[in-house]
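Please keep the view open as you read.

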Amino acid sequence: MTQKEIKKQVKSKQRVTDHGEVFTNEREVNAMLDLVKIESERIDSRFLEPAMGDGNFLVEVLKRKLNSVDKKYKSVQFEWERYAVIAISSIYGVDILEDNAVECRNRLFDIFDGRYVTNFKEKCSNECKRSVRFLLDRNILWGDALDFTNPVTKKPIIFSEWGAVNGSMLKRRDYIFKFLVERTHQFSMFNDQGDVGSIDGPIKDFPLIHFLKLGVDDAN
Ligand SMILES: C[S@@+](CC[C@H](N)C(=O)[O-])C[C@H]1O[C@@H](n2cnc3c(N)ncnc32)[C@H](O)[C@@H]1O
């Protein structure tokens, strides 16, 4: 391993001691994702990284999903935007260090934005970028994945499930992370059958919203 790679994997000795923060390098991330290659390339497959660092795994997952979006929808901007939003909405992460959550959101946004601008140049819309920012704020969270709370406020971590409905609309349902984990006994997210019991059911159900209107007001 080169000196450059070591630097990228460790931010400081203190952070390694306090939080075990050693990032996985790109080659290993991709070798591991290749073990679930089809899922990693599927636009709407849900990925959760419960100790995401600044997002080395999530970044590669997003690149793979956007490759699939490019392949199928690059010729129609609206469709590309719709499926890119679905790709982002299915990526989730938590880290105990706040700066990691911020960096991870920014890295994911930059990957989306780079691809968007390359494909559609001056035709890119601010509303699509706002929707993506909104999703990243909701899905990439600062939290302790062992006690399922924010390390400072101690409020429970709440994740949003996003479901595509009627083409361009999204359905959001919020769940308490702790109950999702206890329900599934493994880190699979949400329940496709929708047969949830009362304690682990959604704590909030939102009206349908157009995928380009996310973040327009605080209510969604
Ligand atoms: C070994 S690093 C791995 C980071 C990333 N998954 C990667 O492979 O590059 C472990 C990460 O877990 C985070 N972490 C440690 N304890 C945690 C906890 N209780 N809840 C959430 N994240 C935690 C650290 O801040 C660090 O970013």
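**Notes on the ligand site and an aromatic pair**

1. The ligand sits in the second largest pocket. A pocket is an open set of points on a 1 Å grid over the protein atoms alone, with protein on both sides within 12 Å along at least five of seven lines; a molecule sits in it if more than half of its atoms lie within 2 Å of its grid points.

2. A word on the source: this is a predicted model, where local features need pLDDT of at least 70, side-chain atom pairs count only at pLDDT 80 or more, and totals for chains, interfaces and linings use all residues. Residues are numbered from 1 along each chain as its sequence is written, and side-chain values use heavy atoms, with hydrogens and water left out.

3. Around the ligand are 21 residues (a heavy atom within 4 Å), and T24, E49, A51, D95 and A145 come nearest.

4. Look next at the polar contacts (N or O atoms within 3.5 Å). Ligand nitrogen atoms lie 2.8 Å from a polar backbone atom of A51 and 3.2 Å from one of I96. A polar side-chain atom of N100 is 3.4 Å from a ligand oxygen.

5. Elsewhere, the structure holds 12 aromatic pairs (ring centres within 6.5 Å). W80 and Y116 form a stacked one (planes under 30 degrees apart), with centres 5.5 Å apart and 0 degrees between the planes.

Methods: Polar contact = N/O pair within 3.5 Å; in protein donor to acceptor, adjacent residues only side chain to side chain. 1 Å grid on protein atoms, 1.4 Å probe; cavity = no way out; pocket = protein on both sides within 12 Å on 5 of 7 lines; lining within 4 Å. Phe/Tyr/Trp six-rings, centres within 6.5 Å; stacked < 30°, edge-to-face > 60°.
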